[in-house]
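Subject: Structure handover

Hello,

Please find the structure below, with the sequence beside it. My notes on what was found follow after it.

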Amino acid sequence: MEICEYDKMLVAVSGGADSVALLHMLVEAGKQCRAVHCNFHLRGEEADRDEAHVRRLCEKLGVALHVEHFDTRAYAAEHKVSIEMAARELRYDLFEKLLDQYDLPVVAVAHHADDAVETFMLNISRGTGIKGLTGMKQIQGRVVRPLLGMSRRDIEKYCDERHIEYCTDSTNLEDEYTRNKIRHNIVPVFKEINPSFLRSIRGTMEHLAQVYGVFAREIEKFKQRAMAEDGGETKINIQQILELGEDAEVYLFEVLNPEGFTADSVRKICKTLRSGDACGKIWYGATKRAIIDRECIILAQSDVSFASYTVEKEGEVDVPFKMEVKKKEVDSSFILSRESTKIHLDADKVKFPLTIRRWKEGDRFKPLGMKGWKKVSDFFVDQKMGLREKEECWIMESGGEIIWIVGRRVDDRVKWTKETKRVLEIEIEI
């Protein structure tokens, strides 16, 4: 079986079973390979162990190796992105640089069938359109994924049968991140129900990819007749939207979702357009805002920053406002803050890193004193907040869950109680 149609390529090798197996397979197939290893310096001795293993592997196989060291945390802080996003950007920027430097057509990465299924389920959990359900592509730009047809078990079996050594990333055994929760807690349940679960989902994704091809052509026709660029803004003809009838939400979602608008936002926009009383209303996506005019929706860049900020540890932190985070023991001298700019949370219920971001449609939390969920947008209505106040409101998250509408309301799940032994004190100055 031909593992890859390219004769020469860059190969990303982390040291784990997947990438180690990939390099072995490509070398066995007679491909001309040059390996690249990224040391992100996020796991201390483990990261150095992985680098040393990759060096030994490449020397044994006679493969040239490029090793790059990154200060990933510094990059994340400077560019205001999460650690995961920082590592991804650094990794793929390096790949592009090396492909040009060594005149190679593609970089081979070790994504496999399990990764594709996890991405599929991750997209479902977050909400997505048809495109988000089509899965990873075997060839995508200058990236190739030769192992997409193999499962993680197949790869580990390949290594075991050939006595190929590989490293295990301890973070992959933890449930701290959403993907790992899907990998360790959800996928195994589906495999119990259907032992052929991976193959079934792969078949479904392939079918959806074909469906999306037909669908994408229809969306493109709609864009050509209903959308126009005007001075840096995009105008979407409202009449063209309404003529789609019940299908309007489907088409508009494909137009607005790439700008960070949720399905719930699109649903509300369509409902408002049908009411005939939409003029002047505004909805916000991750990067742009949709302003309803008399005859069109104006999609424009917002003058409010939608960047997110990561807080890795205690101390004074670099976010758009002054903020100090510190832990305190609860003793007889402790006084619970009643100020809106200084809060005390149960430190054992909050995990770093914290994320500071703007609110978005669909956000929800459990306001202090309430047991049920409440949409952030409904909370704003209750607070009688104006448009500008909503725009400038910040959200604090821990583990993907909202813990504070900054300066306004704490989430009930992380509140201080009489059983609290340590508090996380967060003080801001806006």
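**The open sheet**

Y284 stands opposite R289 in β10. This is a predicted model, in which local features need pLDDT of at least 70 and side-chain atom pairs count only at pLDDT 80 or more, while totals for chains, interfaces and linings use all residues. Residues are numbered from 1 along each chain as its sequence is written, and side-chain values use heavy atoms, with hydrogens and water left out.

Helices (H or I, at least four residues) and strands (E, at least two) are DSSP runs, numbered from the N terminus. Two strands pair if DSSP finds at least two bridges between them. β9 and strand β10 (residues 288-292) pair in the antiparallel sense over 3 bridges. They belong to an open sheet of 5 strands with antiparallel pairing, in the order β7-β8-β11-β10-β9. The edges are taken by β7 (227-230) and β9 (282-284); each has a single partner strand, so one side of each has no neighbour in the sheet. On average, neighbouring strands of this sheet are turned by 25° against each other, direction ignored.

What joins β10 to β11? A hairpin does, through 3 residues. The two strands β10 and β11 pair in the antiparallel sense over 5 bridges, and K288 stands opposite Q301 in β11. β8 and β11 also pair in the antiparallel sense, over 4 bridges, with N237 opposite C296 in β11.

"Buried" means under 20% relative accessible area and "exposed" over 50%, with "partly exposed" in between (1.4 Å probe, protein chains only). Of the 6 residues of β11, 5 are buried, so β11 is largely enclosed by the rest of the structure. C296 is buried, with a relative accessible area of 12%.

**Helices**

Axes are lines fitted to C-alpha atoms, for helices over the stretch in contact, and angles run from 0 to 180 degrees between N-to-C directions. Contact means heavy atoms within 4.5 Å.

Helix α8 (residues 197-226) lies across β7 and β8 (233-237) and runs at about 50° to β7. Helix α10 (residues 248-256) lies across β7, β8 and β11 (296-301), at about 175° to β8.

Elsewhere, helix α3 (residues 72-79) and helix α4 (residues 83-101) pack at an angle of about 105°, with their axes 9 Å apart. That makes α3 roughly perpendicular to α4; angles of 65 to 115 degrees count as roughly perpendicular, under 35 as roughly parallel, over 145 as roughly antiparallel and the rest as oblique. α3 contributes T72, R73, Y75 and A76 to the contact, and α4 contributes I83, A86, A87, E89, L90 and D93.

**Cysteines**

How many disulfides does the structure hold? It holds 0 disulfides, a disulfide being a pair of cysteine sulfur atoms within 2.5 Å. C38 is in no disulfide, and the nearest cysteine sulfur, that of C58, is 13 Å away. C38 is buried, with a relative accessible area of 14%.

**Backbone notes**

Most residues other than glycine have a negative phi, and most peptide bonds are trans. A cis peptide bond joins F352 and P353, with omega about 5°. P353 lies in the loop between β15 (342-346) and β16 (354-358).

Phi of H41 is near 55°, a positive value in a residue other than glycine. H41 lies in the loop between β2 (32-39) and α2 (45-61) and, at 41% relative accessibility, counts as partly exposed. Phi of H163 is also positive, near 55°. H163 lies in the loop between α6 (152-161) and α7 (178-193) and is exposed, with a relative accessible area of 71%.

Regards
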